[in-house]
Amino acid sequence: MSGSHYDVIIIGTGAGGGTLAYHLAPSGKRILILERGDYVPREKANWDPQVVNVDAHYNTKESWLDKDGKELHPHTNYYVGGNTKFYGAALFRLRKQDFGELRHHGGISPAWPIRYEDLEPYYTRAETLYQVHGNRGEDPTEPRATSPYPWPAVSHEPRIQQLSDDFSRSGLKPFHVPVGVMLDEKNPTRSHCIRCNTCDGFPCLVGAKSDAQVVCVDEALKHSNVSLLTNALVKRLETDSSGREVRTVVVERERVLESYSADIVVVSCGAINSAALLLRSANDKHPRGLANASDVVGRHYMGHTNSVLMAISKCPNPTIFQKTLGVNDFYFGSEDFPHPMGHISFVGKLDAITLKAGAPAIAPNFTLELMAKHSLDFWLTSEDLPDPNNRVTLSRDGKIVLNYTPNNLEAHARLQGKLKQAMKQTNCAIHGHECHQGLFGRNLYVGQRIPLAGVAHQNGTIRFGHDPLTSALDVNCKAHDVDNLYVVDGSFFPSSAAVNPALTIMANALRVGDHILQRLRVSTASQNESDTEAVASR
Ligand SMILES: Cc1cc2nc3c(=O)[nH]c(=O)nc-3n(C[C@H](O)[C@H](O)[C@H](O)COP(=O)(O)OP(=O)(O)OC[C@H]3O[C@@H](n4cnc5c(N)ncnc54)[C@H](O)[C@@H]3O)c2cc1C
Ligand code: SF4
């Protein structure tokens, strides 16, 4: 097989690569997918908080370096489906304004080279493909959409409904978070998803999470023109003598080097690994790294400013599936702080085993077990701004070095303040305003490792744009400097916005997929029909 030539090679099977493979598969073109990981084994441990959260069993054991040369263990996952195997499946569109320039307290969030309207049809298709459950019109910042969500929102459990009512009474506009789980609440006996408490951060043991493996890669492989090599680590990309074309994809499998070639090569290894791969592929024609004449490859790394805040109440919180409520009232600012602050939603319900690893401050008169039973576990996201000095580089021996200094932190502090204020106004029937005991930060250092948020939302390292002097990719996510090289993971973001990134990566992969199909002279209309038919037939 080594030495074979393909029409398209896709490297990586996550939100970007998996979605692209799905979209290109019906074209009949010869497609090779290369994935460094294997399938996530299906085993009871998939849903064990000790194994998943405390032992970090499924995380890569690779180590990277921080800017001081200290080792760090990234909380990231190398499997078929990439990080979507473990994600919380909150599938948001960026806001329309996120595509323009926005002035933040900490600086400027730059404009994208495309408008929201350009991506809108692809958001709609991605929502259908990933079976997103949501209610249009509830979220005050939601951009215009051409069709409703394909599935009704996942309902709130009673404690979350009570909180939603409290928030509404205090003037906020809470909404149902759009999520990609295959839950059919009208037909519980037929529903794939069983609405369990081990979704966010865990692989789905019953294959009911809309992840890139289940939804896209498995479907793509039903086409005989598509093949997948697992445990296939792409080491470098080599160009022809002009430097304008990738000629060889060098892969390590079972410690043996193999090489493959294709008319089109698509990199989708996640924002950090994709930048590292291009930097590793430096040659005479590309001395700073492949496709890096602009010197932006690896720079402008973003990953959001995130925190988990546990609101402890006297009333217990027996919620099983907690990730149903969001608040975006402060996304663009407020009267007392006229700058974007970000997004409030939930993580999966925290349990005592996971809390022990995160060692939060203990609420007075509570044990960890009691805290876990009584907490509402909020997830707060603020935008971090693209700083050229926040970057991925390589050490002398080829290790990934991640240099990151957080910025725009006032926005996040203000967002936390807004949540504190909102929680003080909650009013339960038994304890009144005294029910809420305070907000407690959960230390994100699981097992004393890099903060989860440090790389979970990684983006920005191979930005797209019109100007080859300030971007590595053009608007079709093709490298300015290389004619047959594309990037479709989270690297292309010029700004990180403040909602979860995966749906935008998926939608963009479909958009770039249409461009690649045109380049391959395949009709995109028949392709889109076949996408819809495949989803409808499931
Ligand atoms: C615990 C957790 C919860 C999350 N929750 C959410 C959420 O609720 N909503 C949301 O929008 N986002 C969420 N995210 C983030 C989301 O998963 C990512 O934004 C998304 O998966 C990124 O897609 P990607 O294509 O850029 O990269 P990935 O999904 O990371 O895929 C990259 C793929 O490339 C492979 N690869 C890497 N290097 C190589 C190489 N050299 N050779 C071959 N293969 C390679 C990797 O193994 C992987 O399969 C979460 C992430 C985590 C970890
Ligand atoms: S069964 Fe449903 S809630 Fe549980 S992990 Fe799977 S998709 Fe998530």
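Student: Which strand holds Val8, and is Val8 buried or exposed?
Tutor: This is a predicted model. Val8 lies in β1, the strand of residues 5–11. The cut-off for a buried residue is under 20% relative accessible area. Val8 has 1%, so Val8 counts as buried.

Student: How far apart are the C-alpha atoms of Val8 and Glu43?
Tutor: Along the chain, Val8 and Glu43 are 35 residues apart.

Student: Where is Lys424, and is Lys424 buried or exposed?
Tutor: Lys424 is placed in helix α9. Over 50% relative accessible area counts as exposed. Lys424 has a value of 60%, so the residue is exposed.

Student: What separates the C-alpha atoms of Lys424 and Cys216?
Tutor: The two residues stand 208 positions apart along the chain. The distance between their C-alpha atoms is 44 Å.

Student: How many aromatic pairs does the whole structure have, and which kind of pair do Phe92 and Phe175 form?
Tutor: The search of the whole structure finds 15 aromatic pairs. For Phe92 and Phe175, the ring centres are 6.2 Å apart and the planes stand at 90°. An angle over 60 degrees counts as edge-to-face, so the Phe92 and Phe175 pair is edge-to-face.

Student: Which parts of the chain does the pair of Phe92 and Phe175 link, and are these residues buried or exposed?
Tutor: Phe92 is in the loop between β4 (71–72) and β5 (102–104), and Phe175 is in strand β7. These positions are 83 residues apart. As for accessibility, Phe92 and Phe175 are both buried.

Student: What is the geometry of the pair formed by Tyr301 and Tyr404, and which parts does the pair tie together?
Tutor: The Tyr301 and Tyr404 pair is edge-to-face, at 5.6 Å centre to centre and 85° between the planes. Tyr301 lies in the loop between α6 (271–280) and β12 (305–313). Tyr404 lies in the loop between β17 (400–403) and α9 (409–424), so the pair ties together parts that are 103 residues apart in sequence.

Student: Which residue has its charged end over the ring of Tyr331?
Tutor: Another case is Tyr6, with Arg30 over its face at 4.6 Å from the ring centre. At Tyr331, the distance from the ring centre is 6.0 Å, and the charged end belongs to Arg95.

Student: Where does ligand 2 sit, and how does its shell divide by residue type?
Tutor: Ligand 2 sits in the largest cavity. It is surrounded by 13 residues, and the closest include Cys193, Ile194 and Cys196. The shell divides into ten nonpolar, one polar and two charged residues.

Student: Where is Ala497, and what is its phi?
Tutor: Most residues other than glycine have a negative phi. Ala497 is in the loop between β19 (485–487) and α11 (502–519), and at 1% relative accessibility Ala497 counts as buried. Its phi is positive, near 50°.

Definitions and conventions
Residues numbered from 1 in each chain as written. Chains lettered and ligands numbered in written order. Predicted model: local features only at pLDDT ≥ 70, side-chain atom pairs only at ≥ 80, totals over all residues. Heavy atoms only, no water. Phe/Tyr/Trp six-rings, centres within 6.5 Å; stacked < 30°, edge-to-face > 60°. Helix = DSSP H or I, 4+ residues; strand = E, 2+ residues; numbered from the N terminus. Buried < 20%, exposed > 50% of the residue type's maximum accessible area, 1.4 Å probe, protein only. Lys NZ or Arg CZ within 6 Å of the ring centre and 35° of its normal. Near = heavy atom within 4 Å. 1 Å grid on protein atoms, 1.4 Å probe; cavity = no way out; pocket = protein on both sides within 12 Å on 5 of 7 lines; lining within 4 Å. Sits in = over half its atoms within 2 Å of the grid points. Nonpolar A, V, L, I, M, F, W, Y, C, P; charged D, E, K, R; others polar.
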